[in-house]
Amino acid sequence: MTEKNKGVADAVRISDWDPADYLDKPEEMIAYLEAAFEDGDARVIAAALGDVARRKGMTQVAAEAGLGRESLYKALSTNGNPSFATILRVLHALGLGLYPAPRSISEPSLRSS
């Protein structure tokens, strides 16, 4: 590093980006979760739920879901593997539900059979 760049490097601080810091409104949280569900990866969905839960307050969400805070942090991480019951309890604690919907308009509905 040159002397010229040293001052810049000292002045720049890099921190981890946390999506929870940017989920200020309920509409933003829902859009974020919808994007995670559209991705279809269970780990992405769990991590997104974790981000929203942290934004709402993990202690409060855990209490309302009837779960331990530490175990909820672990379950809703990218390496976690929460049970379906845990997902439903967290959604309920966040004031959300899970409802079936067709993946796209062009796909046949279960009702059309």
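Which residues are buried in helix α6 (residues 84-93)? The points below take up this question and then turn to helix α3.

1. This is a predicted model, in which local features need pLDDT of at least 70, side-chain atom pairs count only at pLDDT 80 or more, and totals for chains, interfaces and linings use all residues. Residues are numbered from 1 along each chain as its sequence is written, and side-chain values use heavy atoms, with hydrogens and water left out.

2. The buried residues of α6 are Thr86, Ile87, Val90, Leu91 and Ala93. Buried means under 20% relative accessible area, exposed over 50%, and partly exposed in between (1.4 Å probe, protein chains only). Helices are DSSP runs of H or I with at least four residues, numbered from the N terminus.

3. Viewed down the axis of α6, its buried residues fall within an arc of 160 degrees, so they line one face of the helix. The arc is that of the directions from the helix axis to the C-beta atoms. Exposed residues Phe84 and His92 sit on the face of α6 turned away from its buried side.

4. The cover over the buried residues of α6 includes α3, α4 and α5 (69-75); contact means heavy atoms within 4.5 Å.

5. Helix α3 (residues 42-56) contains aspartate 51, which counts as buried because its relative accessibility is 10%. Beyond its neighbours within four places in sequence, aspartate 51 is in contact with Asp18, Pro19, Ala20, Leu23 and Tyr32.

Note on methods
Helix = DSSP H or I, 4+ residues; strand = E, 2+ residues; numbered from the N terminus.
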